[in-house]
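User: Hi, I'm new to reading protein structures. Could you walk me through this one?

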Amino acid sequence: MPKPSSEHKSDRVLGEVEIKSVWRAAAAEPPLTAAIFKLRLMTAQRGAEVLAMRWDQIVDGWWTIPAEVAKTV
């Protein structure tokens, strides 16, 4: 079956003003939702990777994403 459309690689990134706006908007959300958005901004990780994060993946202040969770391109 052919793909419904071709894939497009995106080069779009948030600018400083947009990042600040998202950070401020997160404050109005429930604490868990705010934490998820802020962690995504700080780590530049996908939502699924952040949501699958576990304390045992953090060693000496570094988060290592297991291969079975990470989406590789």
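Predicted model: local features only at pLDDT ≥ 70, side-chain atom pairs only at ≥ 80, totals over all residues.

User: Which helix gives the largest share of the lining of the largest pocket?

Analyst: The lining is made up of Leu32, Ala35, Ile36, Leu39, Val50, Leu51, Met53, Arg54, Trp55 and Ile58. The largest share is four residues, and it comes from helix 2.

User: How many charged residues are in that lining of the largest pocket?

Analyst: Sort the lining by class and you get nine nonpolar residues and no polar ones. What's left over is the charged class, and Arg54 is in the lining, with Arg counting as charged. So the number of charged residues is one.

User: What about the second largest pocket: how many charged residues line it?

Analyst: That pocket holds about 190 Å³ of space. Its lining consists of Phe37, Arg40, Leu41, Ala44, Gln45 and Arg46. By class, there are three nonpolar residues, one polar, and the charged ones number two.

User: Are helix 1 and helix 2 roughly parallel or roughly antiparallel?

Analyst: Helix 1 covers residues 16–26 and helix 2 covers residues 31–43, with their axes 9 Å apart. They pack at an angle of about 160°, and angles over 145 count as roughly antiparallel. Therefore the two helices are, to each other, roughly antiparallel.

User: Which residues of helix 2 does helix 1 meet?

Analyst: The crossing of these two helices is left-handed. The contact's residues divide into eight nonpolar, no polar and one charged. From helix 1 come Ile19, Val22, Trp23 and Ala26, and in helix 2 they meet Ala34, Phe37, Lys38, Leu41 and Met42.

Methods. Residues numbered from 1 in each chain as written. Heavy atoms only, no water. Axes fitted to C-alpha atoms, helices over the stretch in contact; angles between N-to-C directions. Parallel < 35°, antiparallel > 145°, perpendicular 65-115°, else oblique. Left-handed = near helix turned anticlockwise from the far one by under 90°. Contact = heavy atoms within 4.5 Å. 1 Å grid on protein atoms, 1.4 Å probe; cavity = no way out; pocket = protein on both sides within 12 Å on 5 of 7 lines; lining within 4 Å. Points joined across faces, edges and corners; volume = space filled by probe spheres on them.
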